[in-house]
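Please look over the sequence and the structure, and then read the points below alongside them.

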Amino acid sequence: MSDLPIAATDSEIQERRERVFLILAGIFICSMTMLNIIGSTRFIQLGPLTLTVGVLPYPLTFLCTDLICELYGKKRANFLVTLGLVLNIFIFLVIYLAHSAAPVPEASMPPWQKLDLATDVTLPNNTVASGQVELFDFIFSLTSGAIFASMLAYSAAQYCDVRLFHFWKRVTKGKHLWIRNNFSTLISQAVDSVVVIGVVFGAVYLAGGITLKEMIAIMFSSYLFKLAAALIDTGPFYYLTGKLRRYLQLEQDSNASSKAY
């Protein structure tokens, strides 16, 4: 009896490829959704950097799209980015619908649904909240602009990342993984940082609530974090590309999409 492993059948290979794509897509969508939910609800200090908590899971989205670009091709990567944009819009519409729905009468309103503000609070859209406010309305006012900014930044940065990844792959003739991984991500992360901070804090800046220097500092901190994350994920990108290429039985210069579709 032979001790050699039995070669995977075509259907098993196809199932592997779809399973891995589903996992990468799930991580991508989960990270993107967390970004929308927690967004700029809190600022944190990470060493010298001032960051919004929403930026923490975001670098994972670029690692996932780079892996899909490398293993499945540009068409699959663009599909995932488009799906992410549709889900962004869906999330915003659901939140907007919830905000537009009439609340229960005040007498029936649970105590945790109301918030008593000790002082006036200037919101990102430059309106002022004071006295007793409904908690959901207050949170919506704080986060709706960030969700809209996230959609714009997401669209610009992710499509840019996919296009640049394949541009560098053509330039290097499929060699030097680190070049297409880093150069595509570093440029697209800069686009993301400028767009999202510019839109979120644009109204506040125009109203004099934040200085240009402070806005640039937030952009710079956000980009430095993403830059560091992009450089750190080079190792995992190399490791996962090699492991998955063997697991999915892909040739060095081919991708699953050309065989599966």
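**Overall architecture**

From the N terminus on, the elements of the chain follow the order α-β-β-α-α-β-β-β-β-α-α-α-α-α. In total, the chain has eight helices and six strands. The model described here is predicted.

**Dimensions and surface**

- The C-alpha trace spans about 80 × 45 × 30 Å along its principal axes.
- Of the 261 residues in the chain, 43% are buried.
- The accessible surface of the chain comes to about 14300 Å², and 69% of this area belongs to carbon and sulfur atoms.
- Among contacts with a separation of 6 or more, 68% are between residues 24 or more positions apart.

**Nonpolar cores**

- In soluble globular proteins, nonpolar side chains tend to be buried together.
- The largest nonpolar core in this chain has 28 residues, and I68, Y72 and L248 have the most contacts inside it.
- At least two residues of this core are supplied by each of α1 (10-38), α2 (59-72), α3 (74-100), α4 (135-171) and α7 (234-247).
- Helix α2 gives the most to this core, with eight residues.
- Leaving aside its neighbours within four places in sequence, I68 is in contact with F21, L24, G73, R76, A77 and L80.
- A second, separate core has 11 residues, including V200, M215, I218 and M219.

**Helix α6 and the nonpolar patch**

- Y205, L206, L212 and I216 make a nonpolar surface patch of about 420 Å².
- Helices α5 (177-206) and α6 (212-232) are the elements that give two or more residues to this patch.
- I216 is found in helix α6, and it counts as partly exposed because its relative accessible area is 47%.
- S222 also has its place in helix α6, but S222 is buried, with a relative accessible area of 7%.
- Not counting residues up to four places away in sequence, S222 touches L51, V55 and S193.

**Aromatic pairs**

- The whole structure contains five aromatic pairs.
- In one of them, the ring centres of F167 and W168 are 5.1 Å apart and the ring planes are at 70°, so this pair is edge-to-face.
- F167 is partly exposed, with a relative accessible area of 36%.
- Ring pairs link F167 and W168 with W178 and F183 into a cluster.

**Salt bridges**

- Side chains of opposite charge can pair when their charged atoms come close.
- The structure holds six salt bridges.
- One of these joins the side chains of E15 and R19, at 3.1 Å from N to O.
- Both E15 and R19 lie in helix α1, four residues apart, which is about one turn of the helix.
- E15 counts as partly exposed at 47% relative accessibility, and R19 counts as partly exposed at 35%.
- K169 forms a salt bridge with E70, with the closest N and O atoms 3.8 Å apart.
- K169 lies in helix α4 and E70 in helix α2, so this pair ties together parts that are 99 residues apart in sequence.
- R245 also forms a salt bridge with E70, and here the closest N and O atoms are 2.8 Å apart.
- Because R245 lies in helix α7 and E70 in helix α2, this pair ties together parts that are 175 residues apart in sequence.
- K169 and E70 are both buried, and R245 is buried as well.
- A network of salt bridges links E70, K169, R180 and R245.

Conventions
Residues numbered from 1 in each chain as written. Heavy atoms only, no water. Core = buried A, V, L, I, M, F, W, Y, C linked by side-chain atoms within 4.5 Å. Buried < 20%, exposed > 50% of the residue type's maximum accessible area, 1.4 Å probe, protein only. Contact = heavy atoms within 4.5 Å. Patch = residues over 30% accessible without salt bridge, like charges linked within 9 Å, V, L, I, M, F, W, Y side chains within 5 Å. Areas by Shrake-Rupley, 256 points an atom, 1.4 Å probe, with all protein chains shown as cover. Salt bridge = Lys/Arg side-chain N within 4 Å of Asp/Glu carboxyl O. Phe/Tyr/Trp six-rings, centres within 6.5 Å; stacked < 30°, edge-to-face > 60°.
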